[in-house]
Amino acid sequence: VLFLILYKQSLQFIGSQVVPANKRSVAALPVAPTGAPLKSFICNFEALMLSAETIATVKATVPALRDHGETITTHFYQVMFRDYPEVKAYFNQAHQAQGTQPRALANSVLAYAENIDRLEALEGALPGIIQKHVALDIRPEHYPIVGECLLKAIKDVLGDAATQPVM
């Protein structure tokens, strides 16, 4: 869940820095910003002051993410495309078939969990992720779909190991 919050906020913050909502098109996209705007975002996110308990809970998920992350994200896409077929158009189906999209998402979730106490370590990865989402015109109304399906996939794959603090 924390990953979804960070991911959504990072896309909204940097996306707003890249292209105004009314001018979003692939042709209009500059390179996603780095440096000061991204550092500002990271500092603002850290200002949410995650509790030591939340950080420990997120860190405790790292072994499960290493062992099951790709299984979770592969199942996540299956659930999302089954329950919300309208979002399938946002995704490159060749990347789905090759497993590269589920692998990339699993690696992103793992990186967030591993670095939850030092978000500056994610600075290099965010611009490319953000650029892609802005180019695809991913909107805030898409996040509840992602959240619902990701939580379902976590529960389906991990079963009873997906305890309430994690969910």
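**Note on helix H4 and its surroundings**

1. The axes of H4 and H6 cross at roughly 145° and come within 8 Å. The crossing of H4 past H6 is right-handed. On the H4 side, the contact includes Val62, Leu65, Gly69, Thr73, Phe76 and Tyr77. On the H6 side, Gln101, Leu105, Ala106, Val109 and Glu114 are among the residues involved. By class, this contact has 10 nonpolar, 4 polar and 4 charged residues. Note that the model is predicted.

2. The largest nonpolar core has 29 residues. Phe76, Met80 and Cys149 have the most contacts inside this core. Helices H4 (62-83), H6 (100-114), H7 (126-135) and H8 (143-158) each give two or more residues to the core. H4 supplies the largest share, 8 residues.

3. Phe76 deserves a look. Leaving aside neighbours within four places in sequence, Phe76 is in contact with Leu105, Val146, Cys149, Leu150 and Ala153. Phe76 is also part of the H4 contact with H6.

4. The structure holds 4 aromatic pairs. In one of them, the ring centres of Phe81 and Phe91 are 5.3 Å apart, with the planes at 65°, so the pair is edge-to-face. Phe81 lies in H4 and Phe91 in the loop between H4 and helix H5 (93-98), so the pair ties together parts 10 residues apart in sequence.

5. Burial of this pair: Phe81 has a relative accessible area of 14% and is buried. Phe91, at 22% relative accessibility, counts as partly exposed.

6. One aromatic cluster is formed by Phe76, Tyr77, Phe81 and Phe91.

Terms used:
Residues are numbered from 1 along each chain as its sequence is written. This is a predicted model: local features need pLDDT of at least 70, side-chain atom pairs count only at pLDDT 80 or more; totals for chains, interfaces and linings use all residues. Side-chain values use heavy atoms; hydrogens and water are left out. A nonpolar core is a set of buried Ala, Val, Leu, Ile, Met, Phe, Trp, Tyr and Cys residues joined through side-chain atoms within 4.5 Å. Buried means under 20% relative accessible area, exposed over 50%, partly exposed in between (1.4 Å probe, protein chains only). Helices (H or I, at least four residues) and strands (E, at least two) are DSSP runs, numbered from the N terminus. Contact means heavy atoms within 4.5 Å. Axes are lines fitted to C-alpha atoms, for helices over the stretch in contact, and angles run from 0 to 180 degrees between N-to-C directions. A crossing is left-handed if the near helix is turned anticlockwise from the far one by less than a right angle, and right-handed if clockwise. Ala, Val, Leu, Ile, Met, Phe, Trp, Tyr, Cys and Pro count as nonpolar, Asp, Glu, Lys and Arg as charged, and the others, Gly among them, as polar. Rings of Phe, Tyr and Trp (its six-membered ring) pair if their centres lie within 6.5 Å; planes under 30 degrees apart count as stacked, over 60 as edge-to-face and the rest as tilted.
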